[in-house]
Amino acid sequence: LPLWCEFITFIIMKKLILLLLFIPLVFSCSSEEDGDMKLVIENNLNNSKVTGVKLQDYDFENLSIESGNTRTFILNNGIPSGSLDIEVRVFLECPVRPSQSTIRVDFFEGRTTTIAVRERPNKPLEGTACWFELIN
């Protein structure tokens, strides 16, 4: 082969090798789908159970999350209006009567948002009411 052909072949091979070395780097740094949003309800309130959870376009009913247990909900349709400052309503069955409360939380793709149900400080679970709060 003439000298100029060898030189062009060398340049092309050098560029191909560099290209092949950088392809894995590009794909390893590219972002993939982070996954679904998840909501975890954690019941830390004695003598009660979580019976329902509602938020935009999701209505989880007929639940029985007993005291000391958790349950994970996969929000595979996302949240249509955006994922910040979303109202979540939690329904409880307490010893005397059903109760409910709301909390505003943020959701992020591929991450888990946890809401804990716990006894409200200075307001113990009494025979006439269910005193609890939701913590994010």
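Two strands pair if DSSP finds at least two bridges between them. Helices (H or I, at least four residues) and strands (E, at least two) are DSSP runs, numbered from the N terminus. The model is predicted: local features need pLDDT of at least 70, side-chain atom pairs count only at pLDDT 80 or more, and totals for chains, interfaces and linings use all residues. Residues are numbered from 1 along each chain as its sequence is written, and side-chain values use heavy atoms, with hydrogens and water left out.

View 1. Along the sequence, the pattern reads α-β-β-β-β-β-β-β-β-β. The protein chain has 136 residues, of which 27% count as buried. Buried means under 20% relative accessible area, exposed means over 50%, and partly exposed lies in between (1.4 Å probe, protein chains only).

View 2. Which residues form the nonpolar patch on the surface? They are Trp4, Phe7, Ile8, Ile12, Met13, Leu16, Leu19, Leu20 and Ile23. Together they have about 930 Å² of accessible area. Areas come from the Shrake-Rupley method with a 1.4 Å probe; for residues, only the protein chains shown count as cover. Patches are made of residues with over 30% relative accessible area and no salt bridge; like charges are joined within 9 Å, nonpolar side chains (Val, Leu, Ile, Met, Phe, Trp, Tyr) within 5 Å. A salt bridge is a side-chain nitrogen of Lys or Arg within 4 Å of a carboxyl oxygen of Asp or Glu. Tryptophan 4 is found in helix H1, residues 3-29. Is tryptophan 4 buried or exposed? Tryptophan 4 counts as exposed because its relative accessibility is 58%.

**View 3. Four strands form an open sheet in the order E5-E1-E8-E9.** The pairing is mixed. Strand E5 (70-75) and strand E9 (132-135) stand at the edges, each with a single partner strand, so one side of each is left without a neighbour in the sheet. Neighbouring strands here are turned by 20° against each other on average, direction ignored. For such angles, axes are lines fitted to C-alpha atoms, for helices over the stretch in contact, and angles run from 0 to 180 degrees between N-to-C directions.

**View 4. Strand E1 and its partners.** E1 is mostly covered, with five of its seven residues buried. E1 and E5 run antiparallel and share six bridges. Here glutamate 42 has threonine 70 in E5 as its bridge partner. E1 and E8 run parallel, also joined by six bridges. Which residue in E8 is the bridge partner of isoleucine 41? It is isoleucine 115. E8 (residues 112-119) then pairs with E9 in the antiparallel sense over four bridges. Alanine 116 stands opposite isoleucine 135 in E9.

View 5. Valine 50 faces isoleucine 65 in E4. Valine 50 has leucine 92 as its bridge partner in E6, and valine 53 has valine 90. Lysine 54 is bridged to aspartate 59 in E3. The hairpin of E2 and E3 has two residues between the strands, and aspartate 57 takes a positive phi near 60°.

**View 6. Strand E6 has two faces.** In a regular strand the side chains alternate between the two faces of the sheet. On the covered face of E6 are Ile86, Val88, Val90 and Leu92. The uncovered face has Glu87, Arg89, Phe91 and Glu93. E6 and E7 form a hairpin with four residues between them. Eight bridges join this antiparallel pair. Valine 88 has isoleucine 103 in E7 as its bridge partner.

**View 7. The largest nonpolar core has 26 residues.** A nonpolar core is a set of buried Ala, Val, Leu, Ile, Met, Phe, Trp, Tyr and Cys residues joined through side-chain atoms within 4.5 Å. Those with the most contacts inside this core are Leu39, Ile41, Val53, Leu55, Val88 and Phe107. E1 (37-43), E2, E3, E5, E6, E7 (98-105), E8 and E9 each supply at least two residues. E6 gives the most, with four residues.
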